[in-house]
Amino acid sequence: MEAITGAGLSEGLVRVIARREAAPPRVEIGVLDNGPGVEDELAARLFDPLATSKQDGLGLGLSISASIVEAHGGRVWLHSGDAGRTEFRFSLPLDQPQV
């Protein structure tokens with residue numbers, strides 16, 4: 001939302017998509033927007049601590065998010081950094097650990 005607002009887009013759009021994948025069993029969530037995109041230089045280090053494109057950003061949000069997802073056996077990635085069709089995805093396993 002901040003990227004869309006910062007780019008001055010009056011017709012900003014954010015969409016969330018969820019789907020169940022069979023092999024391996026997991027849920028995959030996609031978050032898409034029509035904002036300014038992610039530059040290639042930033043995309044290479046996007047999930048590293050202190051990586052940010054915001055003037056006042058700390059660069060911790062995606063790093064912390066990735067740590068949480070990974071702690072639950074999942075992964076998070078930038079699926080598309082293209083302007084107008086940026087998409088982040090994360091997946092989490094559906095298998096329950098055997099106790």
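**Close-up views of a predicted model**

**View 1. The whole chain, element by element.** From the N terminus on, the elements of this protein run α-β-β-α-α-β-β. That gives three helices and four strands to look for, and remember as you explore that the model is predicted. Along its principal axes, the C-alpha trace spans about 50 × 30 × 20 Å. Of the 99 residues in the protein, 23% are buried. The exposed surface comes to about 7000 Å², and carbon and sulfur atoms supply 55% of this area. If you take the contacts between residues at least 6 apart in sequence, 44% of them join residues at least 24 apart.

**View 2. The four-stranded sheet.** Here you can follow an open sheet whose strands come in the order S1-S2-S4-S3, with antiparallel pairing. Which are the edge strands? They are S1 (14–21) and S3, and each of these pairs on one side only. On average, neighbouring strands of this sheet are turned by 20° against each other, with direction ignored. As a reminder, strands of a sheet pair through backbone hydrogen bonds, either parallel or antiparallel.

View 3. Strand S3 covers residues 75–80 and strand S4 covers residues 86–93; the two pair in the antiparallel sense over five bridges.

**View 4. A helix across the strands.** Helix H3, made of residues 61–71, lies across S3 and S4. The helix runs at about 25° to S4.

View 5. Now zoom in on serine 91, a residue of strand S4. Is serine 91 buried or exposed? Its relative accessibility is 7%, so serine 91 counts as buried, the cut-off being under 20%. Leaving aside neighbours within four places in sequence, serine 91 is in contact with Arg26, Val27, Glu28, Val69, Gly74, Arg75 and Trp77.

**View 6. Arginine 75 over a ring.** Arginine 75 lies over the face of tryptophan 77, at 3.7 Å from the ring centre. How many aromatic pairs does a search of the whole structure find? The search finds zero.

Terms used. Residues are numbered from 1 along each chain as its sequence is written. This is a predicted model: local features need pLDDT of at least 70, side-chain atom pairs count only at pLDDT 80 or more; totals for chains, interfaces and linings use all residues. Side-chain values use heavy atoms; hydrogens and water are left out. Two strands pair if DSSP finds at least two bridges between them. Axes are lines fitted to C-alpha atoms, for helices over the stretch in contact, and angles run from 0 to 180 degrees between N-to-C directions. Contact means heavy atoms within 4.5 Å. Buried means under 20% relative accessible area, exposed over 50%, partly exposed in between (1.4 Å probe, protein chains only). Rings of Phe, Tyr and Trp (its six-membered ring) pair if their centres lie within 6.5 Å; planes under 30 degrees apart count as stacked, over 60 as edge-to-face and the rest as tilted. A charge sits over a ring if NZ of Lys or CZ of Arg is within 6 Å of the ring centre and within 35 degrees of the ring normal. Accessible areas come from the Shrake-Rupley method with a 1.4 Å probe; for residues, only the protein chains shown count as cover.
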